[in-house]
Amino acid sequence: MLKKMFNFSKELEVVFKAVVKHANHSGVCAYFVGGMVRDFLMGIEIKDTDLLIEGSAIDFIEKFAVKYKDKLDIKIKSIHKSFDTAKTLINNTEIDFASTREENYPFSGCLPVVEKTGCPIKNDLKRRDFTVNAIAAMLSIANDTLNYEIIDPYNGAEDIKKNILTVLHNKSYIDDPTRILRGLDFILRFGFDFSPDDKKLIEEYLQKPDREGLSLDRVKLTLKKLFSDPLRAKEAYEQILENKYYKIWEDEPSFKKDWAQRLYEAAALFETPSSEIFSGAIFENSKVHKPLSSNASNYEIYNFYKTFSNKDLALHYAILNDSTALFYFKKLKNVKPDITGDDLIKQGFAQGKELGCELSRRFKEKLNLIKRN
Ligand code: CTP
């Protein structure tokens, strides 16, 4: 299936044409892949630009940068040798270059180990999570126009039409249980659902989760993305509890369903990313202790909360239903003393303990005058 389809700006088209010319010259193929192709086929805006090279991405980009140094503004921002990937900024657009690769998982849930880079595209697509993400578009040029051939060995385009998430093999959730959370992300973002077979595989996994080699960092990173939008975060948090997805990392949840609404509100109230707040509620709830007594003075409130980060304040507010944390954040946090030690010395105070006491007394007086409402 040959298509003229992706709708890029003229500037970006120039970049991709150069990439294809360089690929032809080097005897390798270049592809768009993953979420980018999925989003295109779904007719939604493309966020990331991911290029896959059926060869070495680092070698490709290094030679490309030399060859096109006078025609394009190319910055290689970072390279990752073991994965043979490179992050670049070309004409002000971030473009990630990856090499096709094969991977394996020595333990359930661990980070994948790269077995081979520069493998055939179909082998690369095979290591991916869902059929809808295992589609590539091979780039070519004909009559100075960019063309794309869709490579879809697992019928991902069909699953996109059916709104269905299907893994590529039965061991997929065992290899990488964070795919359950990635699936939830796609369900909430795009209205997909897990296929009936996938629901069974997930249920089976959750009945006997293998956490021995689990990468908790990968879980946290996946949750960060899942919780990036406040409203979706609330829904995801509730679904993690309802569907027992927490079993990926723990047997019983230490976080509660009735925190969800206040966690959602806390993102805006405490000007903190929802991902930090919802992840905090899951992994750091044991840090949240008793609140202050309800008749604490403003000065006591100030001293109690002054070392708290905004996230910790938000967690207190949401988990303990503690409105004092919000009062502190809104009215006390940024209060500064009106007077410094030097000012008092100029007024005749001697340096020493008394001066310190006087500074505290004045600051306390100032804080205690602030009204809650
Ligand atoms: N991938 C995977 N298993 C994971 C993470 C990623 O197979 N645990 C693969 C998928 O093929 C995915 C690609 O890596 O399409 C890129 O992953 P990522 O950038 O996290 O997500 P996208 O699918 O591109 O989607 P989006 O950024 O829109 O969420």
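This is a predicted model: local features need pLDDT of at least 70, side-chain atom pairs count only at pLDDT 80 or more; totals for chains, interfaces and linings use all residues.
Residues are numbered from 1 along each chain as its sequence is written. Local features need pLDDT of at least 70, side-chain atom pairs count only at pLDDT 80 or more, and totals for chains, interfaces and linings use all residues, while side-chain values use heavy atoms, without hydrogens and water.

**Cores.** A nonpolar core joins buried Ala, Val, Leu, Ile, Met, Phe, Trp, Tyr and Cys residues through side-chain atoms within 4.5 Å. Buried means under 20% relative accessible area (1.4 Å probe, protein chains only). Contact means heavy atoms within 4.5 Å. Helices are DSSP runs (H or I, at least four residues), numbered from the N terminus.

| Core | Residues | Members include |
|---|---|---|
| Largest | 98 residues | Phe32, Phe64, Phe97, Trp249 |
| Second, separate | 10 residues | Ala98, Ala136, Ile151, Leu168 |

Phe64 touches Val15, Ala18, Val19, His22, Leu72, Ile74 and Ile90, leaving aside residues up to four places away in sequence.

**Helix H10.** Buried residues in H10 include Ala233, Tyr237 and Ile240. The buried residues of H10 pack against helices H7, H9, H11 and H12. Lys244 follows H10, with a positive phi near 60°.

**H13 and H15.** These helices pack at about 95°, with axes 10 Å apart. That makes H13 roughly perpendicular to H15 (65 to 115 degrees). Ile301 and Tyr305 are among the H13 residues that meet H15.

Key: Buried means under 20% relative accessible area, exposed over 50%, partly exposed in between (1.4 Å probe, protein chains only). Helices (H or I, at least four residues) and strands (E, at least two) are DSSP runs, numbered from the N terminus. Axes are lines fitted to C-alpha atoms, for helices over the stretch in contact, and angles run from 0 to 180 degrees between N-to-C directions. Angles under 35 degrees count as roughly parallel, over 145 as roughly antiparallel, 65 to 115 as roughly perpendicular and the rest as oblique.
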